[in-house]
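Dear colleague,

I am passing on the structure below, and my notes on it follow. Please read them alongside the coordinates.

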Amino acid sequence: MKLTDLTVKSLPIPPRGQKQYHDETVEGFSVRVSQGGSKTFLVMIGRGKRFTIGRYGIITLAQARAAALRLKAQQTLGRVFPEAVTLSSAREQYLSQAYVRPNTREYYISHLLKLKAPNLQDITSREIIRILDRLPSATRTQALASFRPFFKWCIRRNYLDRSPCELLTAEKSSSRDRMLSDEELKAIWNACDCGTFGTIIKLLILTGARKNEIA
């Protein structure tokens, strides 16, 4: 079919999975409709290599078609494109191959599992912002700090051209209202027994370390 703004808007949402509609104007150019309602522009480059251009609504049909023509021209001139890979595959590779400190690994896993998309290239800056907006303010910086190294690793692996986090900035952490006085610390110290939890509290007072590190 010849894709137009009207046809793209009226494409039906499949009850499950995804359905792809090919454009007769530009060879290899298509739009994929998912069961969640998203419509994503794609282009086939070379021998079966699919490149995700972007989502309808974020970019227009005209912009997507122009991008498809540009990408096909660049492929003809010998440019190397990122390798197509699923999000789950890239995530599993990253967690198994990249060095992640043991005490931060659990945070990386929990935050990276918040990324939801069939393919790695489907993750956009808007998706990252939506994820961050749903998190408590105290957790957003931590989540962004988990996303950044993952996408940088994907760029080094030639899975992505650019990171969807590159223009995002972390929120400034708010300073504490006050610190405990010496008298308050003394009262807490004297209230601690000799058991495990009492020892943890005393070590926290002495070292200023995080509670999970001491535990």
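**Cavity, pocket, sheet and helix**

By class, two nonpolar, three polar and one charged residues make up the lining of the largest cavity, where Ala, Val, Leu, Ile, Met, Phe, Trp, Tyr, Cys and Pro count as nonpolar, Asp, Glu, Lys and Arg as charged, and the others, Gly among them, as polar. The model is a predicted one, in which local features need pLDDT of at least 70 and side-chain atom pairs count only at pLDDT 80 or more, while totals for chains, interfaces and linings use all residues. Residues are numbered from 1 along each chain as its sequence is written, and side-chain values use heavy atoms, with hydrogens and water left out.

The lining residues of this cavity are Arg50, Thr52, Ala84, Val85, Asn119 and Gln121, and its volume is about 50 Å³. A search of the whole structure gives one cavity of 30 Å³ or more. On a 1 Å grid over the protein atoms alone, a cavity is a set of points where a 1.4 Å probe fits but cannot get out, whereas a pocket is an open set with protein on both sides within 12 Å along at least five of seven lines; lining residues have an atom within 4 Å of a point. Grid points are joined across faces, edges and corners, and a volume is the space filled by probe spheres set on the points.

The largest pocket holds about 830 Å³ of space and is lined by 29 residues, of which Thr52, Ile53, Gln121, Thr124 and Arg162 lie nearest its centre. By class, that lining has 13 nonpolar, nine polar and seven charged residues. Strand S4 and helix H2 (61–76) each supply at least two residues of it; helices (H or I, at least four residues) and strands (E, at least two) are DSSP runs, numbered from the N terminus.

The four strands of an open sheet follow the order S1-S2-S3-S4 with antiparallel pairing, two strands being paired if DSSP finds at least two bridges between them. Its edge strands, S1 (18–22) and S4 (49–55), each pair on one side only. Six bridges join S3 (residues 39–45) to S4, and Phe41 stands opposite Gly54 in S4.

Pro12 sits in the loop between helix H1 (5–10) and S1, and touches Tyr21 and Val33, not counting residues up to four places away in sequence; contact means heavy atoms within 4.5 Å.

H8 is followed by Gly208, whose phi is positive, near 70°.

With best regards
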